[in-house]
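Subject: Structure for your files

Hello,

Here is the structure I said I would pass on. My notes on it follow below.

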Amino acid sequence: MFSFSILHQDPRSRARSGVFETPHGILETPELAIVGTNAAFRGLNPDNIPSTPIRYAIANTFHLLVNGNVDKIEATGGIHEFMNYRRVLATDSGGFQVFSLGFGKTHSVNKLGGGNGTAIFPGTGRAESNDDNPVNITEEGATFTYDGKPITLTPELSIDLQHRIGADIIFAFDECTSSLNTKEYTAQSLERTHRWLDRCIAAHEAHRNRQALFPVVQGGVYRDLRERSAAFMAAKDVPGYGIGGSLGKTKEDMHAILEWTLPLLPDNRPRHLLGIGNVRDVFEGVERGIDLFDCVIPTREARHRVLYTVGGRKQVRIGRATDEIIDSRPGSPTAKAGVTWRQLALWFQAHDPRAHEYATLHNIFFFTEMMKEIRTAIAHGTFAELKKRYLTVY
RNA sequence: CCAGGGAUGGCGGAGUGGUCAAUCGCAACAGACUGUAAAUCUGUCGCCUCACGGCUACGAAGGUUCGAAUCCUUCUCCCUGGA
């Protein structure tokens, strides 16, 4: 169970394609997980999930917990059954929420960039201390205030919840740091995340044949911390790895982080770059040896009327709409249903749920096709050409 | 025909003598979004100008006033009751 085989290695980069065996079938890599935080893909009618080309999905332990879904999932016989999705599925540990509902919230930072500017919630700007963090992080775990009530997530609880949820791949409970944190804080956090990892591994021992536990490399933008973290995790007997945390303020930062850490991880294990990416980042990640990704972009931007096409990102606007089918390639959901740019724009205008449905189906199709092309290109030794082709418009 | 009510920028709908080119919502337009606090958020949104500023505007025409989307008169149209 959970064996990973590399099928093709790109001769000109660290890109590789492979297969990861799981209880819900083989996961061909590289692949991008579609995010279904609360055991549902936002915008999609659950009835459509089986006919979707999704081969990898990720849900979220924290959100499933606070929404009262863990018990329901357990009662249904697991998350695959619960969400009517029978392929490979992961759950995030809730570690990202330690950041996104805590420091990230008060300082309007995301895991990329330097805070503010792109964040939608007004923040207080730069802060060096962690004192005003609404999430209280201690050695034991992290305490959130949710609906006025405290909720404490510990490594043991996160793992137990993830057992009950039943995804194929689960992530260790970690703290995701941001670029606003100091190196001192990042180092402390990193050490704590390492101690948490040992607790996660211990809590998971009895389930290791049923679910794959991936530790998450942290260390922010600091080379020595990243290397320390990667080395610490590489020494663990685990079926795969996550790369998480602050990936810096620029693309170069993210590339450097990958170049520092990936060579330190066992080559014969899949590496999942958490929360990334857009088209460009997927190519840059694959080129540096990333096998798995997950990102809200395909689904979120679809709801925000951005569609991904072979010609680049395009916003759905009635003023630019044509009577062309959105994507006429084989397997395209908009081709199958005959959805034109104009039709989709009219649905958005009327707040018709089909707008979200087809925009989301389309973006999922686009990213799924792109990942397929990446795998094929790696097999044929043409990854560099494919990357170049995509990056002229992305 | 009588009695009421109403006509505001693409639409809905505030405003009821000056601080009104006119709150707000929708639509439109230009964007943002990277382990989902996100069907969200930011900006523009009468015309001319980079801007200062100018011009035309609140059904129509007159009038009162230093000043009117706001008050008065007449007209046009719409809605609700009653004949």
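The mean pLDDT of chain A is 93, with 95% of its residues at 70 or more. The model scores ipTM 0.91 and pTM 0.93.

This is a predicted model, in which local features need pLDDT of at least 70 and side-chain atom pairs count only at pLDDT 80 or more, while totals for chains, interfaces and linings use all residues. Residues are numbered from 1 along each chain as its sequence is written, and chains are lettered from A and ligands numbered from 1 in the order in which they are written.

Helices (H or I, at least four residues) and strands (E, at least two) are DSSP runs, numbered from the N terminus.

Helix H7 covers residues 223–234. Its buried residues (20 or more other C-beta atoms within 10 Å of their own, C-beta atoms placed from the backbone) are Leu 225, Arg 226, Ser 229, Ala 230, Phe 232 and Met 233. Seen down the axis of H7, they fall within an arc of 160° (taken from the directions from the helix axis to the C-beta atoms), so they line one face of the helix. They pack against helices H6 (183–204) and H8 (251–261) and strands S12 (216–217) and S13 (241–243).

Strands S16 (residues 306–309) and S17 (residues 312–315) run antiparallel, joined by 4 bridges. A hairpin of 2 residues links S16 to S17, and Tyr 308 stands opposite Arg 313 in S17.

Regards

Note on methods
Expected span 1.5 Å × (residues − 1). Buried ≥ 20, exposed ≤ 12 C-beta atoms within 10 Å, placed from the backbone. Contact = placed C-beta atoms within 7 Å. Pairing = 2+ DSSP bridges. pLDDT = per-residue confidence, 0-100.
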